[in-house]
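Biologist: I have a new model to go through. Can you walk me through a few parts of it?

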Amino acid sequence: MTQPAYEPLAATALAKERQKQWFTDFRDRAINEGEPYVIAAAVSPHEIFHTMGVPLVTNTWYSSIISAKRLSPYYFDLMEKLGYHADLPRYLSLPMMTTLDGDAERAPYGGLPKPAMIVDRLRGDYAQRISRQWAAAFGSPHYFLDVPAQTRLAPDWWNRAQHAWENLYEPHRLDFYVNQIKGLIAFAQEETGRRFDLDAFGDQMHKINAAGENVSRARDLIASADKLPVAMPDQLTNVMAATWNRGSQWSVDHTARYADEIAGRVENGTSVAPNEKKRLLWLNTGLWFNTAFYRAFEESHGAVFVWSMYSNYLSDGYRKYSSSDPLRALAARSISMNEQLHLPPWMSGWILKQAEDFRADGAVMLTPIGDRLSAFGTRACIDMLERNGLPVLELSASMVDARMWDNDEMIAKVGNFIETRL
């Protein structure tokens, strides 16, 4: 029997419109008015530039937009024609190809103009090399942040990350990273001509906590509902739009609307799949060129994807409460982001907590091909999850390179996993 058509949240259309309008305004300011703007890695402290009123484009966000518009095959073919090796990390290299291509009519939203600077965090052995080459292609300066490694691991980091972060992330690491951020502020002020206001920055930090509280409420509503009330693509669109716009009043208001709309669905008993039988987690980065895949098993198997790391990292990872030192709280926010999202035991411990709360039957892990930083810990994580009773299917693919994805084959793999292991 055909199921009733699922209606996306009204908030989802508003989030998409916000992102589209934001980019239109950004291009108007950066091109027509000549305002400085910055390209920055997702793991860098965007809040500095938000406070200074400097528009910021996240490299991975633009990569996901290129992929969602199904342009990645063209740019990856170009990458190989230009002589770059096939194993170049794809998530970070894809946006650089739009610059090297130089075709504004083909690039999403007309492409990116020359930035005032490119900001990245030293990690692995490749990110800084790609960012350095991209900055050189623009003729722009780059700035890299250095982050010291953790000397002790906390398996329950999500319980301590909001209020007990000083001890969790270790004082000597925070001392070092605060100085790194101060260096970034000085460099950014010199390159953009804008000033950093500490009072305005403190207000932003409060707004991010408020948005995180709304996302936490939405997360708890989804987890505790009898059946999934909101599909994964809606979760991705709404939470990530708020994440990229964090610190704004819009992000606070939008996440409140998002949570309220989910609460209404739970109260009315609205579900994504009335025949829901199995619940899945999507592990690691998103499948940006094919978000329809998350819903491909609802009618055939009664299986729904209930959670991904994007569902509530804004609440668990970003919120940092501090009454005295917002700059130190910012350091705590971004100092261990990679470890929490991609490396065991922090990654696997957090996932097991979500599996328990969301009543998951199993999980699908995307192990990226080429993007090593997002793949280093996936095997160890899978082993840990399986040892704790959570069946996991591993899919080797790229989150942005559609050429490496055989949809029929992947649907068959997940279908077989649901039928034989859950």
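Modeller: One term before we start: a helix here is a DSSP run of H or I with at least four residues, and helices are numbered from the N terminus. Also, the model is predicted.

Biologist: OK. Which residue just after α18 takes a positive phi?

Modeller: Gly 389, with a phi of about 90°.

Biologist: And α18 itself, which of its residues are buried?

Modeller: α18 covers residues 378–387, and the buried ones are Thr 378, Cys 381, Ile 382 and Leu 385. They lie on the same side of α18, because they cover an arc of only 100° around the axis.

Biologist: Why do residues three or four places apart point the same way in an α-helix?

Modeller: Because an α-helix has 3.6 residues a turn.

Biologist: Switching to pockets. How much space is in the largest one?

Modeller: About 1,200 Å³. It has 47 lining residues, and those nearest its centre are Trp 61, Ser 64, Met 240, Trp 244 and Trp 288.

Biologist: Which element gives the most to that lining?

Modeller: α11, with nine residues. By type, the lining of the largest pocket has 29 nonpolar, 12 polar and six charged residues.

Biologist: And the second largest pocket, what is its volume?

Modeller: About 400 Å³. It is lined by 22 residues, with Trp 22, His 50, Leu 56, Trp 244 and Asn 245 closest to its centre. There α1 gives the most, six residues.

Conventions. Residues are numbered from 1 along each chain as its sequence is written. This is a predicted model: local features need pLDDT of at least 70, side-chain atom pairs count only at pLDDT 80 or more; totals for chains, interfaces and linings use all residues. Side-chain values use heavy atoms; hydrogens and water are left out. Buried means under 20% relative accessible area, exposed over 50%, partly exposed in between (1.4 Å probe, protein chains only). Helices (H or I, at least four residues) and strands (E, at least two) are DSSP runs, numbered from the N terminus. The arc is that of the directions from the helix axis to the C-beta atoms. On a 1 Å grid over the protein atoms alone, a cavity is a set of points where a 1.4 Å probe fits but cannot get out, and a pocket is an open set with protein on both sides within 12 Å along at least five of seven lines; lining residues have an atom within 4 Å of a point. Grid points are joined across faces, edges and corners, and a volume is the space filled by probe spheres set on the points. Ala, Val, Leu, Ile, Met, Phe, Trp, Tyr, Cys and Pro count as nonpolar, Asp, Glu, Lys and Arg as charged, and the others, Gly among them, as polar.
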